[in-house]
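Good morning, and thank you for coming. I shall present one structure today, and I ask you to keep its sequence and its three-dimensional view before you as I speak.

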Amino acid sequence: MVTAEAVWDALAEIPDPEIPVISLVELGVVRDVEVEDGRVRVEFTPTFLGCPALEVMRDQMAAKVRELGAEPEIRVISDDSWSTDRITPEGREKLREAGFAPPAPRAAAAPQLVQLQRGPFRCPYCGSTETELENIFGPTPCRSLRYCKSCRQPFEQFKTI
Amino acid sequence: MVSPVLRRVSERAPLLLPIADDELVLGWRNSEWTGIAPFLEEDVAFSSIAQNEIGHARALYELVAAELDTTADELAFDRSPDEYRCSAFVELRLVPDWAKTIARHYLYEQADEQRIKALMESDDDEVSGLAAKIDREEAYHRMHAQMWFDRLQDEPRFVEALEELRPLADKRGEHIPEFAELWDEMTMVRRSVVGATW
């Protein structure tokens, strides 16, 4: 009989389709796992609503549950329960090691332009905070582009959501 | 002719369809800058904003679709042109006019913020939850629009564009002639392969 813990462990093996250094569990998008009579219900939240990886994630989770011998029901929950604050400490460290600056913690309110332009964002390569905003947007909806003036390296900054 | 699904009763449809249609159509218009924006950073920005807006449209259509027992794709692409409830403002094809594009972007994000904040107060938990999620993303669109407003606010062409477009922001009801062509482009794939899923 499959347990919720076994499902969580299996889901932790699925890499994020766009940033494969981090798993879906580390990304914090798996909200709930329920096991009942051989059926496994997984609730997950998209990071961004326009994320093209949504279907891929859903199919991969369903496949993992089937590997455990259970029938999956994967529900996409488009509510406000995901924030970049849900990325685990291990996930943040993996992002940084791969050259993605992890998101700044979300304050009570939405981030402001002046914070992105003047705030102390740290370069994931050399650790300097002498970095500047190049583009609010980047190669995927979840990232911004910054430039480190110390090591002259452009890098991607995870947006705070 | 009214699409069969729209004859069913939905409390969400009158509230959410105008917003979803705006986001779909504006997302489409913004994507027209992909590959041809004045510089690379804006190519990236407008493509990303377009992707977000279409994602918001999909999520809003899904909430309406759940009540009407249909799908987001049917609502997005199977209605006739006169059934779309978007504003004339988002229908305008503004490529290659950068000043007007930024003026619309700025005015749209201001107006959109108001209605999304109102939806966040909805008694319908799915609507208020989705609106709050949309707002997290829109915060970045607003920052981008503000950055350009700060840069262009003294430019006569930009000021003229704001004055020209501002009265259109709330104009809803009749489509402009350009919409027919947009609808044709937007629904072409769906109409050519009946029943296809992607």
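Let me begin with a definition: a crossing of two helices is called left-handed if the near helix is turned anticlockwise from the far one by less than a right angle, and right-handed if clockwise. The crossing of α1(A) and α3(A) in this structure is right-handed. Helices here are DSSP runs of H or I with at least four residues, strands are runs of E with at least two, and both are numbered from the N terminus.

Please note that this is a predicted model, in which local features need pLDDT of at least 70 and side-chain atom pairs count only at pLDDT 80 or more, while totals for chains, interfaces and linings use all residues. Residues are numbered from 1 along each chain as its sequence is written, and chains are lettered from A and ligands numbered from 1 in the order in which they are written.

I return to the two helices. Two packed helices are described by the angle between their axes and the distance between the axes. Axes are lines fitted to C-alpha atoms, for helices over the stretch in contact, and angles run from 0 to 180 degrees between N-to-C directions. For helix α1 (residues 4-11) and helix α3 (residues 54-67) of chain A, the angle is about 130° and the axes are 10 Å apart. Angles under 35 degrees count as roughly parallel, over 145 as roughly antiparallel, 65 to 115 as roughly perpendicular and the rest as oblique. The helices α1(A) and α3(A) are therefore oblique to each other.

Which residues of α1(A) and α3(A) meet? On the α1(A) side they are A:V7, A:A10 and A:L11, and on the α3(A) side A:M61, A:K64, A:V65 and A:E67. Here, two residues are in contact if their C-beta atoms, placed from the backbone, lie within 7 Å. By class, this contact of α1(A) with α3(A) comprises five nonpolar, no polar and two charged residues. Ala, Val, Leu, Ile, Met, Phe, Trp, Tyr, Cys and Pro count as nonpolar, Asp, Glu, Lys and Arg as charged, and the others, Gly among them, as polar.

I turn now to the sheet. Chain A has an open sheet of three strands in the order β1-β2-β3, with mixed pairing. Its edge strands, each pairing on one side only, are β1 (30-36) and β3 (71-76). Two strands pair if DSSP finds at least two bridges between them. The strands β1(A) and β2 (residues 39-44) of chain A are antiparallel, with six bridges. Within this pairing, A:V30 stands opposite A:F44. Helix α1(A) packs on the sheet, where it touches β1 and β2 of chain A. Helix α3(A) also packs on the sheet, touching β2 and β3 of chain A.

Further along, A:E34 has A:R41 as its bridge partner, and A:E36 stands opposite A:R39. The strands β1(A) and β2(A) form a hairpin with two residues between them, and A:D37 in the turn has a positive phi of about 50°. On its other pairing, β2(A) runs parallel to β3(A), joined by six bridges. There, A:R39 has A:E71 as its bridge partner.

Finally, I consider the two chains together. In total, 19 residues of chain A are in contact with 24 residues of chain B. On the chain A side, α5 (113-118) and β5 (131-135) each supply at least two residues. That side of chain A divides into eleven nonpolar, four polar and four charged residues.

In chain B, is B:W33 buried or exposed? B:W33 counts as buried because it has 21 C-beta neighbours inside 10 Å. B:W33 is found in the loop between α1 (12-31) and α2 (40-68) of chain B, and it touches B:D43, B:F46 and B:V95, not counting residues up to four places away in sequence. By contrast, B:R191 in helix α8 (residues 178-192) of chain B is exposed, with 11 other C-beta atoms within 10 Å.

How values were computed. A residue is buried if 20 or more other C-beta atoms lie within 10 Å of its own, exposed if 12 or fewer, and partly exposed in between; C-beta atoms are placed from the backbone.
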